[in-house]
Amino acid sequence: MSLGPRKGRPQPIIDLNDYVDGLYSYALVLSRNRTEAEDLVQETCLRALRAMERLRPDSNAKSWLFTILRNIWFNQLRQWRTTPEMVELDLDGDGPNKAVDTTKDPHATYVSNVEQAQVRSAIQQLPVEFREIILLREYEELSYQEIAAVLECPVGTVMSRLARARSKLRDLLLPLSLAPRSEKRVASGAEETGT
């Protein structure tokens, strides 16, 4: 879906498809719930459509969309404080039907999947202000200035918060990287069985 000029005003053309995956990842980091993340992205796109006329031609569309999503999330948080949280059982959404890439080395694929799961798990353990800044910088590759605009804080705060987030993430991942290989296998096996 593309957003373009209306009423003869020069506007940038924005293809929302370019941003949906990033918005969804950010929404998932904030909400920790796939259904809520999908709803957040949908609401973000709707509000972007409605507000397109107010977007300046020199505006950064990515930062603008992430700011809309974040504001929607915080507004919903205020409304949901008394509502119980629903838990989704299939967090990956792949279930048993996930396709396997047969061109890769199975062991390398397994190790990569375990490491990715460990990083995701460590990120989920961080407080929300650290989770969102890691996602915006490392996964969405926003600049410090863009993150500052999304989070509505000074660039210096972004830099210090990102440094603290990386430090906490490193502390969470360090014990996993120092464990002998046999302990890593036992730990990853325990994660798979849920023990």
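Helix axes are lines fitted to C-alpha atoms over the stretch in contact, and angles run from 0 to 180 degrees between N-to-C directions. This is a predicted model, in which local features need pLDDT of at least 70 and side-chain atom pairs count only at pLDDT 80 or more, while totals for chains, interfaces and linings use all residues. Residues are numbered from 1 along each chain as its sequence is written, and side-chain values use heavy atoms, with hydrogens and water left out.

**Chain**
- The chain has 8 helices and 2 strands (DSSP runs, H or I of at least four residues for helices and E of at least two for strands, numbered from the N terminus).
- Starting at the N terminus, the order of elements is β-β-α-α-α-α-α-α-α-α.
- Of the 195 residues, 32% are buried (under 20% relative accessible area, 1.4 Å probe, protein chains only).
- The accessible surface is about 12500 Å², and carbon and sulfur atoms hold 53% of that (Shrake-Rupley method, 1.4 Å probe).
- Among contacts (heavy atoms within 4.5 Å) with a separation of 6 or more, 64% are between residues 24 or more positions apart.

**Helices α5 and α6**
- The axes of α5 (residues 128-139) and α6 (residues 144-151) come within 10 Å and cross at roughly 140 degrees.
- The two helices, α5 and α6, are therefore oblique to each other (angles under 35 degrees count as roughly parallel, over 145 as roughly antiparallel, 65 to 115 as roughly perpendicular and the rest as oblique).
- On the α5 side the contact is made by E132, I133, L136 and R137, and on the α6 side by Y144, I147, V150 and L151.
- These contact residues divide into 6 nonpolar, no polar and 2 charged (Ala, Val, Leu, Ile, Met, Phe, Trp, Tyr, Cys and Pro count as nonpolar, Asp, Glu, Lys and Arg as charged, and the others, Gly among them, as polar).

How values were computed:
Buried < 20%, exposed > 50% of the residue type's maximum accessible area, 1.4 Å probe, protein only.
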